[in-house]
Amino acid sequence: MMSNALKFYIDGAWVEPAPGATRLPVIDPSTEEAYAEIAIGTGADVDRAVAAARRAFETYSQTSREERLAILRRVLAVYDRRAREMGAAISREMGAPLPFAISNQAGSGRAHLAKMIETLENFRFEELRGTTLIAREPIGVVGMITPWNWPMNQIACKVGPALAAGCTMVLKPSEIAPMSGLLFAEIMDEAGVPKGVFNLVNGDGPNVGEAMSAHPGIDMMSFTGSTRAGILIAKAAADTIKRVHQELGGKSANILLPDVDLEKAVSEGVAECFGNSGQSCNAPTRMFVPIDRHEEAAAIAARAAATFKVGPADAEGTKLGPVVSQIQYDKIQRLIETGIEEGARLAAGGLGRPDGMNRGYFVKPTVFADVTPEMTIAREEIFGPVLSILSYRDEDEAVALANDTVYGLASYIQSADLRHARRLAARMRSGNVYINNPAWDTGAPFGGYKQSGNGREYADFGLHEFLEIKGIVGYG
Ligand code: NAD
């Protein structure tokens, strides 16, 4: 893989970047050492990739369901063969503990590809309503920009449906964690995806991301990342009226109703929040507990946090790897400091690295109690292993506080009474509600209300995003 790290995958071949490209080291967050370099492209590389994708669209958009299924099945077969390699690449580039990176990170990519095959087998591209034919056609060339926190999850839930829809694409993975994207391009190549259908250009937001967003040859942008970058992408895309699909940040609430087993609900809430070192867009970072149970909840959370063994991604027994970068580490430290200054009480963790760890972007598993709704740590996305515990007096207040955020990606409800939880779910202003921490479902639509984005990913919901709808009136 390393041999291709300084190249881009365009028109079915590994190519040198156009003149003007620069280089960026890839840092292992467990050691802070650079272990590879990638090329940072320019608009010229984007032009070349878009031209290839446009040419390929002419033929690929006309392929049959069976042809696309055959391609997706080959991609999945190669992906499966290289799954461990993929897990190792992700673990090293973004710091997830190796077993987790293999099973959950690389595994999520597999799950999306498999789900897309099942979805495409049954999808209705056409339907007749009276004498009108409703035809769903591929939207065209898609520009995809993905983040570093769940790199293959994001890549697979864009590339899978785009392939199924008949679209061609240009992918720009995160420059912070680019190795999994490069490996994925090798998988696409090995699987014999027709040339020009899938193209990869590495780069950062200002050099490559904005050139893609503004490009007249790109019909749609599919973006996952921060709300900040999402705004810039939407602005750059505005002049060409392209579709902009966005999965952005979150500040998800976890409401623990009075009837729960507190020990279980709080421990699970801590685990959900700290998973992937707190670097999940839908992490339940605001835990709402009944006011008279606050002390008890804080004590349980502190005990649970202490079980999160912090360590390098490749060390045996690591439960919490480092966060991804110096920038993220500094940002998290700043927010912990702000939490202390604004009067929240540290129940576990706090500033600095865990004892004895001097290198690597390791953050102490941190729990704040006595958090109030106006505090910065209750409002801003922290993107680290930091949990805030807040109180509520009654259910109406819990709902109002949970919804009092610019974000709307996910909400969590814990209750022994499923019917009650269902009623509460209807009141949450978020694209996802998780009742009693269920297993992950690739069939559930995923996406946000409010500033958490627009559009939905996963299964047929994801596939619809990559389709135009044509009404042919007088058809039959
Ligand atoms: P980021 O927005 O900084 O970067 C994401 C991607 O956008 C990268 O590939 C980056 O190069 C690119 N980018 C940055 N500026 C750009 C610009 N001006 N134009 C075009 N592209 C640009 O986010 P990140 O730090 O990589 O990821 C963390 C964020 O992603 C968090 O806010 C998290 O909540 C969000 N996220 C959301 C979801 C979701 O599905 N809702 C999933 C994962 C992550």
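Let's start with Phe-383. Phe-383 is buried, because 24 other C-beta atoms lie within 10 Å, and 20 or more is the cut-off. Keep in mind that this is a predicted model.

Where does Phe-383 sit? Phe-383 is in the loop between H12 and E16. Now look at its backbone. Phe-383 has a positive phi of about 60°, yet it is not a glycine. Most residues other than glycine have a negative phi. That is the reason for starting here.

Buried or exposed, then, for Glu-381? Glu-381 is buried, with 23 other C-beta atoms within 10 Å. What does Glu-381 touch beyond its neighbours within four places in sequence? Glu-381 is in contact with Gly-249, Gly-250 and Lys-251. One distance for orientation: the C-alpha atoms of Glu-381 and Ala-315 are separated by 28 Å. Along the chain, Glu-381 and Ala-315 are 66 residues apart.

Next, Glu-380. Glu-380 lies in the loop between H12 and E16. Glu-380 counts as partly exposed, because it has 17 C-beta neighbours inside 10 Å. Buried would take 20 or more. Again, one distance. Glu-380 and Asn-207 are 27 Å apart in space, C-alpha to C-alpha. In sequence, Glu-380 and Asn-207 are 173 residues apart.

Back to phi for a moment. Ala-459 is another residue other than glycine with a positive value, near 50°. Which element holds Ala-459? Ala-459 is found in helix H15, residues 459–465. Ala-459 counts as buried, with 23 C-beta neighbours inside 10 Å.

H7 is residues 205–214, and H8 is residues 227–238. Their axes are 7 Å apart, at an angle of about 45°. H7 and H8 are therefore oblique to each other. The crossing of H7 past H8 is right-handed. On the H7 side, the contact uses Gly-205, Gly-209, Glu-210, Ser-213 and Ala-214. On the H8 side, it uses Ala-229, Leu-232, Ile-233, Ala-236 and Ala-237. The residues of this contact between H7 and H8 divide into six nonpolar, three polar and one charged.

Last topic: H2 and its two partners. Take H4 as partner one. H2 covers residues 65–81 and H4 covers residues 98–122. The axes of H2 and H4 come within 10 Å and cross at roughly 160°. Angles over 145 degrees count as roughly antiparallel, and H2 and H4 are therefore roughly antiparallel to each other. This crossing of H2 and H4 is left-handed. From H2, the contact residues include Arg-65, Arg-68, Leu-69, Leu-72 and Arg-73. Also from H2 come Val-75, Leu-76, Tyr-79 and Asp-80. H4 answers with Gly-109, Arg-110, Leu-113, Ala-114, Met-116, Ile-117, Leu-120 and Glu-121. By class, the contact of H2 with H4 has ten nonpolar, one polar and six charged residues.

Partner two is H6, residues 179–190. H2 and H6 pack at an angle of about 130°, with their axes 8 Å apart. H2 and H6 are therefore oblique to each other. The residues of the contact of H2 with H6 divide into five nonpolar, no polar and one charged.

Definitions and conventions
Residues are numbered from 1 along each chain as its sequence is written. This is a predicted model: local features need pLDDT of at least 70, side-chain atom pairs count only at pLDDT 80 or more; totals for chains, interfaces and linings use all residues. Axes are lines fitted to C-alpha atoms, for helices over the stretch in contact, and angles run from 0 to 180 degrees between N-to-C directions. Helices (H or I, at least four residues) and strands (E, at least two) are DSSP runs, numbered from the N terminus. Angles under 35 degrees count as roughly parallel, over 145 as roughly antiparallel, 65 to 115 as roughly perpendicular and the rest as oblique. A crossing is left-handed if the near helix is turned anticlockwise from the far one by less than a right angle, and right-handed if clockwise. Two residues are in contact if their C-beta atoms, placed from the backbone, lie within 7 Å. Ala, Val, Leu, Ile, Met, Phe, Trp, Tyr, Cys and Pro count as nonpolar, Asp, Glu, Lys and Arg as charged, and the others, Gly among them, as polar. A residue is buried if 20 or more other C-beta atoms lie within 10 Å of its own, exposed if 12 or fewer, and partly exposed in between; C-beta atoms are placed from the backbone.
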